[in-house]
Amino acid sequence: MNKLKAVVVAAAVALMPAQAAMARDLGDIFTQCGLGGLIAPKIPALAVTTNIVWDLGTTATSSDLSSPESCKGSSAAAAAMIYQTYPSLERELAQGGGENLDALLALASCDSEAHAGMVAALRTDFGAMVNAAVYPQQSRLQQADGLYQAFTQQVEGSFAASCNLG
């Protein structure tokens with residue numbers, strides 16, 4: 001009888017982290033996390049399909065367990081937007097403005113007074129990216145990731161007082 005109690009207690013303790021992780025619906029995890037959550041946050045069926053096809057949902061579930069805050073909010077939405085609108089953002093950065101660039105700054109809750117400075121800083125960062133010898137050989141995902149990294153560095157660095165990815 002004591003062995004049975006010990007097994008039950010051990011099983012309950014072992015299941016506690018799993019129960020905490022399952023507090024979030026699996027559908028939410030597969031639509032908001034992993035590669036699917038990044039490239040198709042507004043198309044749940046595509047997000048789920050991408051996560052399943054890419055790695056059977058491993059990155060979606062592991063990202064939910066390791067950093068659930070990264071699966072939602074403005075940061076993930078900014079990454080998805082940059083990927084989805086990359087060709088337009090590329091053109092708008094070259095021109096110095098546009099509706100997708102404005103939407104990206106709004107997504108980061110940038111004060112309107114900071115828009116011109118943020119666009120100028122992103123144009124400088126983006127110019128350096130485009131002039132790098134590896135840029136033409138990079139995939140769209142790699143190029144979008146580079147822009148996302150530049151964007152978040154500006155938001156969290158020079159423009160931390162004016163912008164917030166939450």
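The secondary structure of this chain, in a model that is predicted, comes to 10 helices and 0 strands, where helices are DSSP runs of H or I with at least four residues, strands are runs of E with at least two, and numbering goes from the N terminus. Read from that end, the order of the elements is α-α-α-α-α-α-α-α-α-α. Before I go on, two sentences on conventions. Residues are numbered from 1 along each chain as its sequence is written, and side-chain values use heavy atoms, with hydrogens and water left out. Because the model is predicted, local features need pLDDT of at least 70 and side-chain atom pairs count only at pLDDT 80 or more, while totals for chains, interfaces and linings use all residues.

Let me turn to the chain as a whole. Of its 166 residues, 35% count as buried, and by buried I mean under 20% relative accessible area, with exposed being over 50% and partly exposed in between, for a 1.4 Å probe and protein chains only. The chain exposes about 9,600 Å², of which carbon and sulfur atoms supply 62%; these areas come from the Shrake-Rupley method with a 1.4 Å probe, and for residues only the protein chains shown count as cover. If we take the contacts with a separation of 6 or more, residues 24 or more positions apart account for 60% of them, a contact being heavy atoms within 4.5 Å.

Now the interior. In soluble globular proteins, nonpolar side chains tend to be buried together. Here, the largest nonpolar core has 28 residues, and those that touch the most other members are Ile-82, Tyr-86, Leu-147 and Phe-151. Such a core is a set of buried Ala, Val, Leu, Ile, Met, Phe, Trp, Tyr and Cys residues joined through side-chain atoms within 4.5 Å.

On the α9 side the contact is made by Met-118, Ala-121, Leu-122, Asp-125, Phe-126 and Met-129, and on the α10 side by Gln-143, Gly-146, Leu-147, Ala-150, Phe-151, Gln-154 and Val-155.

Next comes α8, which spans residues 99-107 and includes Asn-100. Asn-100 is buried, with a relative accessible area of 15%, and apart from neighbours within four places in sequence, Asn-100 is in contact with Met-81, Thr-85, Ser-88, Leu-89 and Glu-92.

Which cysteines form the disulfide, and how far apart are their sulfur atoms? The pair is Cys-110 and Cys-163, with sulfur atoms 2.1 Å apart, against a criterion of sulfur atoms within 2.5 Å. The pair links distant parts of the chain, Cys-110 being in the loop between α8 and α9 and Cys-163 in the segment after α10, 53 residues apart. The torsion about the S-S bond is about 115°, so the disulfide is right-handed. Cys-110 counts as buried at 9% relative accessibility, and Cys-163 is buried as well, at 6%.

The loop between α8 and α9 also holds Ser-109, whose phi is near 55°, a positive value in a residue other than glycine; Ser-109 is partly exposed, with a relative accessible area of 45%. Asp-111 is in that loop too, and is partly exposed at 36%. Leaving aside neighbours within four places, Asp-111 is in contact with Ala-161 and Ser-162, and from Asp-111 to Ser-162 the C-alpha distance is 5.4 Å across 51 residues of sequence.

Finally, Leu-56, in the loop between α4 (44-55) and α5 (58-66), is exposed, with a relative accessible area of 71%.
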